[in-house]
Amino acid sequence: MVDRWRKIIDSIVKLENIEKKINQMDEINVSLTINLDNSSLESNDDSSVHTDEIVHRPKYKILEEIGRGGFGRIYKVYNRHKDGLYALKRLCFEGEFQDNKYISAEVYCLSKFKHPNIIILEEFILKPNRLYIIMEYAEFGNIEQYVTSNHNISSSDILQFFSQLTSAVHYSHSQNIAHRDITPSNVLLTSKFDAKLADWGLATPCGVDRSNPILSDDYLGDYRYQAPEVIRNSPFDPLPTDIWSLGSILYFMLTCNPPFEGSEATILHNQTNVGVSLPDSVVNSSDKLVNVIVKTIKFLMVADTNERPNIETTLYSSSFTNDLENDMHDIESQFLLNI
Ligand SMILES: Nc1ncnc2c1ncn2[C@@H]1O[C@H](COP(=O)(O)OP(=O)(O)OP(=O)(O)O)[C@@H](O)[C@H]1O
């Protein structure tokens, strides 16, 4: 897998906009511009990690830590040159970053992808054993934080976010990349209340020939939102797993809970033998939009990958759901007929 990313990155460096970005990294490396506010980090960080990061002409001022994941820490930063807020993700690695498949995946996707519902890269800053990714700042944080801090999402916003995410995944699949880690914590909400897909560290090439998929053989991510084929621990086609996860996100937005919980064995058992189950309050809702969301969840979260819709069908369905408010009755009946 590392070789596969290395080949892809090497070929792209010659060709595309990543070339510009990597050149930029060198320039930035010379006239380095990061300021770390050590006082705000010292208490919860290894201060030795930061000693080489203090510079004299800071471009970015670190304001606060806003996230911490398996791969790094994320800070809200102020860009003095542009007078704007950004998010900075710090990733540590040994050797060259291209040898780390997770960092390569993130670098590749953020460099290459341009889509209104995919978080926008500002720049990379490369230092020895460290890569900083500066990206647009999503003011409302991730959907999990948003929901758990008592913000209910209305059913029309749920459908709007779903449609935006489906469009982002459709775009990524059309670039032959599967995300593989679509969870509420990787869906960010901007100040304009748009949903954007972030965290491309588990993204993987999925090949052009859909009848001959490149199978994935790493079984990572948050199992509560992952498809059964990932939890089963045998090589899987990564494209259908993104569809399952879109259904999981929809479930989470509607109920404020993950669709499955417990041990891996319990989750897998329930996914394959019981199926997705929704609270009665939701199933019996008289809200037509909620009815459509419930149908869509069931449509997407099908354990058998052969029965699960592909991203084109999902996008087609989401276009109906997105227009629901225009002509509720007609569109709903069309949509329901389709599923
Ligand atoms: N651009 C951004 N704007 C605002 N918040 C962000 C941004 N990027 C990341 N975050 C916050 O930081 C959290 C972790 O970010 P991210 O998922 O990219 O890190 P990670 O180390 O790859 O995490 P994981 O272990 O889930 O893979 C996000 O859930 C979100 O709350």
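How do the residues of the shell around the ligand divide into nonpolar, polar and charged? In this predicted model, local features need pLDDT of at least 70 and side-chain atom pairs count only at pLDDT 80 or more, while totals for chains, interfaces and linings use all residues. Residues are numbered from 1 along each chain as its sequence is written, and side-chain values use heavy atoms, with hydrogens and water left out.

The shell holds 9 nonpolar, 8 polar and 3 charged residues, where Ala, Val, Leu, Ile, Met, Phe, Trp, Tyr, Cys and Pro count as nonpolar, Asp, Glu, Lys and Arg as charged, and the others, Gly among them, as polar. In total, 20 residues surround the ligand (a heavy atom within 4 Å), and Gly70, Lys89, Glu136, Ser185 and Asp199 are the closest. Because domain 1 (2–24 + 139–338) and domain 2 (34–136) both contribute to this shell, the ligand lies between them; the bounds come from an automatic or database domain assignment.

Among the polar contacts (N or O atoms within 3.5 Å), a ligand oxygen lies 2.7 Å from a side-chain N or O atom of Lys89, and a ligand nitrogen lies 2.8 Å from a backbone N or O atom of Glu136.

Notes. A polar contact is a pair of N or O atoms within 3.5 Å; within protein, one must be able to donate a hydrogen and the other to accept it, and residues adjacent in sequence count only if both atoms are side-chain atoms.
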